[in-house]
Each structure stands twice: as structure tokens, then as C-alpha cells.
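Visitor: I have a few "how do you know" questions about this one. Could we look at the structure together?

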Amino acid sequence: MEISIETPQKRFDEHLKLENNNRILFSGKFGTGKSHFLREYFKQNADKYNLFWISPVDYVVGANQDIFEWIKIDIAKELLKKYLIIEDEEKFSKGLMLSTYLYNSTGNIVANLIERVSKQAEKHTEVDISKELKQVLDNYAAFEKGIEEETKSPYKKLADHIDKHTQIKGSIYEDDLVTQIIRSSVEIVAKITKKECVIVIDDLDRLDPDHIFRILNILSAHNNHFDSNKFGFQRVIAVCDIENIKHLFEYRYGPNSDFEGYIEKYYTYVPFDFSILSAIIAFCEGQPILSQNLDEDGKAVLITILNSFFELDLLKMRNLKKNYDIRFSKVLPATHLHSNLQKYYDQDYQLSDLFIINPLMEVNYELYSFLKVIYILSITFGGIENLKKAIEILMKKNRSVGTKNSITIIKSMAILSHIARKELTNEDSAFNTKMHSTNDVDILRPQINFLSFTTEIPIVWSTLNRYKNGEYFQLSDSNSFWHRINQNANNGNVGWNLLGNEILLIIKFIKHKGFFENI
């Protein structure tokens with residue numbers, strides 16, 4: 001499987017830029033870091049968006065019909081916390097309040113007065129004056145209301161009927177006073193800040209199924225009948241694992257129910273897939289120690305290997321460290337290659353084509369990204385032995401790595417594998433030799449045997465450019481070298497069984513050299 005190393009931030013940017021993409025289903029498996037990614041994304045883009053975040057998992061204790069009341073409370077709390085200032089209330093004089101009370105409560109006042117008088121009347125009084133008067137007042141009120149209804153125009157009756165249903169709690173048409181205040185406040189905030197207001201409904205699939213479908217049904221119904229999102233938000237993002245929603249839907253409505261037809265009403269285009277791979281890429285991009293110390297090939301190799309471990313359930317996101325505090329110079333020192341060159345001098349061999357002046361040939365292992373990858377993986381697994389066991393499991397599954405990914409891995413590890421193989425057997429890795437019967441020895445460029453293919457390593461050193469010091473394995477024609485290896489390694493598409501053997505060889509070399517002893 002080919003792995004694209006395109007960052008999820010870039011993908012999400014492009015997704016948001018789609019025209020009128022105001023309803024988004026952000027889907028990913030539990031534990032992939034969806035919430036963390038979204039919080040970081042909107043934090044980095046705070047100049048463009050006002051973020052409202054609600055987590056309805058606590059709503060499970062409430063009744064199904066109350067769920068939107070809880071959502072309104074959470075939105076209102078966000079508004080008051082971040083954007084709105086509660087102004088001092090207008091004070092009314094006692095005289096104004098008294099006159100208002102008398103005007104609106106005349107009937108009740110008169111009835112109460114008469115009731116007090118009637119209680120003082122003789123006990124044999126059979127007529128309850130207060131009750132009778134109250135009945136008269138009630139009859140008048142009903143008469144007055146009837147007259148008003150009869151004189152209403154048909155259009156006014158229709159408008160009143162709609163208004164009546166907008167006041168019903170939990171109705172798909174609900175637009176009560178609180179909803180109107182929230183909507184107007186959200187619109188004002190967007191206008192004043194000149195930024196979009198975005199609401200994220202987190203952990204949707206962790207709710208009770210009744211709550212899930214009630215939220216989706218009301219939101220989609222609102223979008224069917226109104227031009228804007230519920231509560232006036234420019235974008236509504238629901239966070240969940242769409243596969244979980246699908247299982248719940250089919251359990252509730254049957255396996256033959258049209259889930260796609262149902263769920264597509266909620267999002268504008270397609271669900272945004274935040275996969276394990278996306279989580280890994282986001283994690284690596286968010287680790288300064290990784291982004292600063294790994295070149296592009298190193299990052300690609302780390303992401304490819306991590307993804308394979310996650311696919312086989314050998315790792316969880318919680319296994320990844322929040323902070324890799326690594327100083328590679330301490331665990332990957334520069335050392336000298338094993339060399340038999342001095343032996344040839346001591347035994348009076350005649351050396352021809354010698355391109356080495358200093359027999360102490362240096363390799364700076366900090367320059368080798370693959371060693372850094374192995375070190376990071378060792379920390380992640382809690383030790384190099386645990387990593388070794390995981391590699392062995394990966395080899396047994398023998399999944400294809402993909403052409404592009406395997407080429408990157410081969411490029412990253414080939415010379416390191418060559419050094420490891422030679423050093424472990426006390427052979428020369430810096431050069432090859434050809435013996436003659438006349439005690440002459442030709443010093444040739446080193447030969448690499450990698451994935452059952454042998455070829456010359458095109459180091460830059462020659463009789464015109466002899467090695468004196470510094471990193472020994474510098475290549476003069478790297479492109480053709482990698483091309484030759486890739487062409488002969490099953491056309492660049494190898495499985496983990498072959499690559500795993502090379503990785504295990506490098507791990508053996510690491511232990512031989514005493515690297516990573518502090519893990």
C-alpha cells in the first residue's frame with residue numbers, strides 16, 4: 001500500500017476551502033487524536049475562526065428531548081465566557097412597576113378583594129361572589145380572544161401557527177427566544193471579529209444512539225427548512241467514527257437500511273477521513289525533535305513503519321510519547337570503521353589504486369536517519385528488544401510496503417546495512433580487495449550486498465581525491481546507485497519479510513556497538 005505523506009493540516013485546509021462546505025463530518029477511529037488535531041488546527045488558525053466546542057458525552061444523563069436544551073446552554077456558556085459582556089440591567093421606578101402591575105392584573109385584584117369581603121359575610125351566604133366574578137372575567141377573556149381569532153387574516157393565522165411550533169422545545173422548527181438570542185449573538189460575533197464562527201460537536205458516536213440520531217435528525221431537518229446552520233454558525237463539524245455510526249444505524253433500522261442516503265444529508269461534500277496515518281503524520285509534524293532531526297526520507301520511513309505497526313495493532317496512539325527528548329549526538333557517536341588496511345602495510349603487500357591516506361575511516365552515525373528512526377521506535381516500544389519482537393511479527397505478516405515507500409526505506413538503510421554486515425563479521429566495509437599472486441593487492445571501491453543484489457558503492461574517493469578525514473561514505477553518483485538497487489529489489493516493491501531481515505541485522509549491529517544503552 002502506498003502511503004501519502006501529505007499532512008492532514010493541508011488536507012483539512014483544502015477540505016474547508018470547498019465552496020459552501022458548511023457541514024462537515026470529521027471521521028476517524030477512537031484514539032487517533034481527532035479532538036487534539038482539531039483543537040490545534042483552530043488554535044493555529046485563530047485569525048480566521050471563532051471556535052465553539054461542545055462535548056455532549058455528559059448529556060447521556062438527560063432525557064432525549066432535552067438534548068438541544070443542553071446544547072444551547074453549552075453554546076451560551078461559550079458566548080458569555082469568550083465574547084459577550086453582561087450589561088447592567090435597566091432599573092424601573094416603583095411607581096412604574098405598580099402601574100404596570102395594576103394594568104395587567106386588574107381582574108385578579110378585583111376577584112381577590114371580593115373574595116376577602118365575601119369571607120366577612122354571614123355564613124349562610126350561598127353565593128360565592130368572588131368565584132362568580134372571576135368566571136365573568138374569564139368568560140370575557142375567552143370572548144375577547146374569540147373575536148380576535150375571527151378577525152385575523154388567514155395569513156396572520158398561518159404565521160401564528162408557525163410561531164406556535166417554533167416555541168415547542170425540541171421541535172425541528174424550534175426557534176424560541178433563547179435560540180434567537182444565540183443565533184443573533186453568533187452572527188454579531190462573526191461580524192465584529194470578521195471571522196467565521198465554527199462549532200465542533202465532539203465524540204458524537206460516544207452518545208446514546210437515541211441522542212446521536214436526534215442530533216443528526218434535528219440538524220439535517222433544520223438545514224432542509226432554513227438557509228443557515230442551526231444557531232447561525234458558518235460551519236458545523238461533527239466528530240465521530242462514521243463506521244460506529246453506521247453500525248448503530250443498521251442495528252436500529254436493520255442491515256438493509258440506506259445508511260449512505262441518511263448520513264449524506266448531514267455533510268456538504270464527503271466525510272473528512274482522519275485515519276491512523278493522518279494521526280501519525282500530525283503527531284510527527286507536531287514533534288519538534290522529530291521534524292528538526294529527521295530529513296524528509298527519515299520522516300517518511302518513520303511514518304511508514306509506524307503505520308504498519310498500527311495496522312497490525314502492535315501500537316496504539318497512547319504509546320507515542322508526548323515529548324521525545326532526544327540528543328542524538330549522545331547515542332549516535334562518530335566512530336571508526338573496522339579496517340584490515342594496516343595488515344596489508346605490515347605484511348609488505350603492494351597496494352595499488354590506493355585512495356585512502358588515513359586508515360582511520362570515520363562514520364558519523366548521527367548523519368544516518370535510519371538509526372534515528374530505530375532509536376525513536378525503541379523509545380516508543382520501551383526498549384530495543386520489544387521493537388525487535390514487533391519487527392518479527394511484521395515479517396510474519398509480510399505485507400507489501402509499496403513501491404514508493406520501499407524505495408525510500410531502501411535508500412535510507414542500504415549503506416547502513418552494508419556497514420552492519422561487514423562490521424559484525426570483522427570485514428572491510430570501506431573498500432574491496434583483489435589479491436594477486438605477486439603479493440599485489442588492488443584496493444577497490446566497496447561492494448554492497450543488499451536484498452540479494454551486489455553492486456559497487458560509488459564513494460567519492462579516488463587516487464585523485466584520496467580520503468583524509470570526515471564522513472567516509474559520501475557518494476559521487478547517488479542517483480544511479482539507488483536506481484540500480486531499486487531495480488533489482490523486486491522492482492522496488494518488497495515485503496516486510498525482506499526489509500525486516502535487514503532491520504534485524506541493523507538492530508544486532510546497534511547492540512554490538514552499544515548504542516541506545518540508556519533506553
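Visitor: What volume does the largest pocket have?
Guide: About 750 Å³. Keep in mind that this is a predicted model.

Visitor: What makes a residue part of the lining of the largest pocket, and how many are there?
Guide: A lining residue needs an atom within 4 Å of a pocket point, and 29 residues line this pocket. Lying nearest its centre are T32, G33, H36, F37 and M317. Helix α2 (34-44) gives the largest share of the lining, seven residues, and α12 (276-285) supplies at least two.

Visitor: Why is α17 said to be largely enclosed by the rest of the structure?
Guide: Buried means under 20% relative accessible area. In α17, 12 of the 13 residues are buried, so the helix is largely enclosed. Among those buried are F370, K372, Y375 and T380.

Visitor: How do you know how the span of α17 sits against the expected one?
Guide: Helix α17 (residues 369-381) reaches 18 Å from its first C-alpha to its last, close to the 18 Å expected at 1.5 Å a residue. Just after α17, G382 takes a positive phi of about 80 degrees.

Visitor: What makes a set of residues a nonpolar core?
Guide: Its members are buried nonpolar residues joined through side-chain atoms within 4.5 Å. The largest such core here has 105 residues, and F12, F42 and F370 are among those that touch the most other members. Helix α21 (residues 496-513) contributes the largest share, nine residues. Both domain 1 (8-276) and domain 2 (287-513) provide at least three residues.

Visitor: Which residues does F42 touch?
Guide: Leaving aside residues up to four places away in sequence, F42 touches F12, Y49, L51, V198, V200 and I237.

Conventions. Residues numbered from 1 in each chain as written. Predicted model: local features only at pLDDT ≥ 70, side-chain atom pairs only at ≥ 80, totals over all residues. Heavy atoms only, no water. Buried < 20%, exposed > 50% of the residue type's maximum accessible area, 1.4 Å probe, protein only. Helix = DSSP H or I, 4+ residues; strand = E, 2+ residues; numbered from the N terminus. Domains from an automatic or database assignment. Contact = heavy atoms within 4.5 Å. Expected span 1.5 Å × (residues − 1). 1 Å grid on protein atoms, 1.4 Å probe; cavity = no way out; pocket = protein on both sides within 12 Å on 5 of 7 lines; lining within 4 Å. Points joined across faces, edges and corners; volume = space filled by probe spheres on them.
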